[in-house]
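Take a moment to look over the sequence and the structure shown here. Then follow the paragraphs below one step at a time.

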Amino acid sequence: MFYREAGQFKTTYQADQAIFPLSQDRIGIAVIAAVAFVGVPALASDFFLTSVMTPFLIFALAAIGLNVLTGYAGQLSLGTGAFMGVGAYAAYKITSIFPEANIIFVLLASGIFSAAIGVVFGLPSLRIKGLYLAVTTLAAQFFLEWCFIRIPWLYNSNASGAIEVQQREMAGIIVTGPAATPLTQYFIVLCVTVALTWFVSNLIRGRIGRQWMMIRDMDIAAELIGVRPLTAKLSAFAVSSYLCGVAGAMMVFFWLGAAEPSAFAISLSFQVLFMTILGGLGSLIGSYMGAAFIWILPVALRVVLPSVGFEVAAETVEHLTFMIVGALIIFFLITEPHGLARLWQLAKEKLRYWPFPYG
Amino acid sequence: MLYDIFIDPFMQMAEQPDFLLQVLWEGFVAGILYALIALGFVLIFKASGVFNFAQGIMVVFAALTLVGLYENGVPAYLALLLAIGVMGLLAYTVERVVMRPLVNQPEIILLMATIGMTYFLIGFGEFVFGGEPKAMITEELGLPTGSTAFEIGERGLLILQHIDIAAAVIAIIMVAGLGIFFNKTRIGRALRAVADDHQAALSVGISLNQIWAIVWFAAGIVALTTGIMWGARSDVSFALEIIAFKALPVLILGGFTSIPGAIVGGLVIGFGEKIGEIYWGPLVGGSIESWLAYIIALIFLLFRPQGMFGERIIERV
């Protein structure tokens with residue numbers, strides 16, 4: 001009843017091919033955009049922005065990056081954390097070499113470096129498939145992590161071995177460093193994430209995206225009808241690592257402010273993989289849902305558990321969080337292996353007929 | 001530069017043969033332990049097609065259970081029995097709660113489920129036993145401690161830790177035992193049948209659920225053994241979990257489905273890693289152990305994508 005396409009006629013191909021062909025979807029997305037751009041900044045506290053919204057958006061972008069590779073092109077990767085690290089270190093090097101450079105430009109350029117690294121580590125995918133490939137992407141994870149520790153040039157030979165973000169201004173507003181307000185940082189992260197999501201959604205609908213999906217569904221058949229695995233697979237690695245790299249750069253520049261190599265350890269890869277799979281493989285909206293779920297759940301547990309009378313030690317909360325997250329992941333995989341995006345789709349089907357049991 | 005890479009390490013080896021032997025021995029022991037972890041992976045992958053990421057944490061969990069029980073006043077051997085019982089319970093629970101509802105799902109979903117299990121077991125283990133490192137009860141279990149030094153040549157010296165020798169012996173016994181179990185017993189044959197073809201096995205009356213519980217139990221016992229051996233060399237703590245990552249290159253070298261592959265792969269990685277670290281590591285700044293194994297495995301895979309002993313992959317459209 002609330003979600004019906006009845007009466008919405010398309011008279012041009014353009015209208016038929018639109019990203020949101022239904023007016024309800026357009027209204028929905030407008031509401032979400034209004035909340036994100038106006039509601040959250042107006043109402044949220046600084047704590048909420050820095051500990052929930054900004055990391056959520058950054059992780060959503062990383063999850064989209066991994067989704068391009070795993071969900072759309074079917075190549076399993078466990079090296080996401082390291083590719084995010086490459087983006088972060090590249091951005092750090094660029095701003096320390098060119099202090100005057102526009103920070104948005106730095107972000108977008110840093111992704112190019114991680115894309116290049118991603119292509120190099122994507123080369124084995126031409127020979128190796130499935131779980132074997134997943135293990136080889138761990139080579140990227142451990143090798144790059146080692147590079148972040150052992151190559152002093154990457155962190156400007158800081159005594160601490162960490163990268164620390166300097167203060168940078170854009171159009172007179174402080175955007176990075178400790179003096180920047182959470183609101184500014186939230187806005188930049190939001191704009192970059194939305195813009196890149198829009199870019200990826202068009203890429204996926206286009207020729208390249210359809211090639212990725214053909215490779216995913218059956219690579220030999222795809223090859224037989226003229227998809228070149230070399231370009232399809234490597235472009236998937238490049239786009240995926242680009243997005244992860246930008247997400248990693250934003251993570252350090254607009255959220256953490258400083259990062260040690262251990263910030264990009266394998267646990268980060270797993271976190272993003274959880275987001276991608278729980279959200280739904282091959283779904284952009286699912287990446288957002290997965291990121292929200294995995295990021296907000298532990299934060300919520302930390303806030304909620306003490307408030308409902310569980311007076312427990314901080315480390316116990318930490319352990320309980322681990323247990324609950326692990327159990328929930330298994331529970332979700334069992335009840336809905338296609339992720340939250342699939343649940344959303346089912347909900348839309350239900351809304352279409354509601355309040356009638358059958359259409 | 002070229003001299004440093006291609007000649008100098010070999011000169012060092014030739015000059016100090018006793019040191020080389022020591023390095024080789026270290027590599028051998030590490031390799032055995034990697035092989036043991038890889039064995040746990042292979043057992044489960046063969047029987048159910050699940051890439052069990054939780055094997056590393058099972059090692060820690062088993063060892064922690066053993067040590068934790070002992071610290072609470074349970075005699076060592078009883079604690080060992082109880083730890084085996086806990087692994088059996090874990091196997092049963094995993095089969096019942098995780099594997100059975102997820103049957104026939106794509107392998108990535110199963111992999112994720114085992115990563116979820118890893119998280120759960122980390123939280124659970126720390127919750128019950130605490131996060132601080134514990135010492136393994138080596139002596140109480142009757143395992144040898146101490147070391148023997150052999151003189152080699154005129155001034156060479158080779159030091160063998162007794163626990164390492166015990167580890168090697170136990171690993172060999174374990175592998176032989178598993179080999180006999182797989183080839184001679186009824187359940188072992190059923191396991192092989194399941195590994196070959198799930199549906200065919202079901203159709204001749206083999207219970208998949210039972211087989212999976214058994215296989216997870218076997219992997220649990222392998223994990224307990226690994227935990228004891230590894231814990232005796234260092235402490236028992238959650239840092240041990242990373243040894244699971246050490247075992248993955250072993251797996252791709254040896255093939256996911258091959259027990260001999262796990263052993264040969266483990267030894268190759270063990271030797272390669274130690275020799276690489278000692279003789280070539282200083283050239284690039286050291287601690288290359290964390291990724292060298294992966295690079296070895298990666299290069300190998302480029303030539304033989306199914307691993308050393310893996311079954312040949314034939315794809316049809």
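Start with the largest nonpolar core, in this predicted model. The core has 219 residues. Which of its members touch the most other members? They are A:Leu243, A:Met250, B:Ala35, B:Ala38 and B:Val215.

Leave aside residues up to four places away in sequence, and B:Ala35 touches B:Ala171, B:Val250, B:Ala262, B:Ile263, B:Gly266 and B:Leu267. B:Ala35 also takes part in a meeting of two helices, α3(B) and α11(B).

Two packed helices are described by the angle between their axes and the distance between the axes. Helix α3 of chain B covers residues 17–48, and helix α11 of chain B covers residues 243–254. Their axes come within 8 Å and cross at roughly 75°. Angles of 65 to 115 degrees count as roughly perpendicular, so α3(B) and α11(B) are roughly perpendicular to each other. On the α3(B) side, the residues are B:Tyr34, B:Ala35, B:Ile37, B:Ala38 and B:Phe41. On the α11(B) side, they meet B:Ile243, B:Ala244, B:Lys246, B:Ala247, B:Val250, B:Leu251 and B:Gly254. What kinds of residue make up this contact? There are 10 nonpolar, one polar and one charged.

Now find A:Ile64 in chain A. A:Ile64 lies in helix α3 of that chain, residues 46–72. Is A:Ile64 buried or exposed? A residue needs 20 or more C-beta neighbours within 10 Å to be buried. A:Ile64 has 32 inside 10 Å, so A:Ile64 counts as buried. Leaving out residues up to four places away in sequence, A:Ile64 touches A:Thr197, A:Val200, A:Leu243, A:Leu284 and A:Ser287. A:Gly79 is 15 residues from A:Ile64 along the chain, and their C-alpha atoms are separated by 14 Å.

Step back to chain A as a whole. Chain A has 14 helices and four strands. Its radius of gyration is 21 Å, close to the 21 Å that the globule rule gives for 359 residues, so chain A is as compact as a globular protein of that length. Its C-alpha atoms fill a box of roughly 65 × 60 × 45 Å along the principal axes. Buried residues make up 47% of the chain. Of the contacts in chain A with a separation of 6 or more, 75% are between residues 24 or more positions apart.

Chain B has 13 helices and two strands. The radius of gyration of chain B is 21 Å, close to the 20 Å given by the globule rule for 317 residues, so chain B is as compact as a globular protein of that length. The box for its C-alpha atoms is roughly 65 × 60 × 35 Å. Buried residues account for 44% of chain B.

Finally, see where the chains touch. The contact takes 34 residues from chain A and 36 residues from chain B. On the chain A side, the elements that give two or more residues are α6 (130–150), α9 (219–224), α11 (266–279) and α13 (314–335). The largest share of that side, 12 residues, comes from α13(A). That side of chain A divides into 27 nonpolar, five polar and two charged residues.

Note on methods
Residues are numbered from 1 along each chain as its sequence is written. Chains are lettered from A and ligands numbered from 1 in the order in which they are written. This is a predicted model: local features need pLDDT of at least 70, side-chain atom pairs count only at pLDDT 80 or more; totals for chains, interfaces and linings use all residues. The radius of gyration is taken over C-alpha atoms; the globule rule is 2.2 Å times the number of residues to the power 0.38. A residue is buried if 20 or more other C-beta atoms lie within 10 Å of its own, exposed if 12 or fewer, and partly exposed in between; C-beta atoms are placed from the backbone. Two residues are in contact if their C-beta atoms, placed from the backbone, lie within 7 Å. Axes are lines fitted to C-alpha atoms, for helices over the stretch in contact, and angles run from 0 to 180 degrees between N-to-C directions. Angles under 35 degrees count as roughly parallel, over 145 as roughly antiparallel, 65 to 115 as roughly perpendicular and the rest as oblique. Ala, Val, Leu, Ile, Met, Phe, Trp, Tyr, Cys and Pro count as nonpolar, Asp, Glu, Lys and Arg as charged, and the others, Gly among them, as polar. A nonpolar core is a set of buried Ala, Val, Leu, Ile, Met, Phe, Trp, Tyr and Cys residues joined through C-beta atoms within 7 Å.
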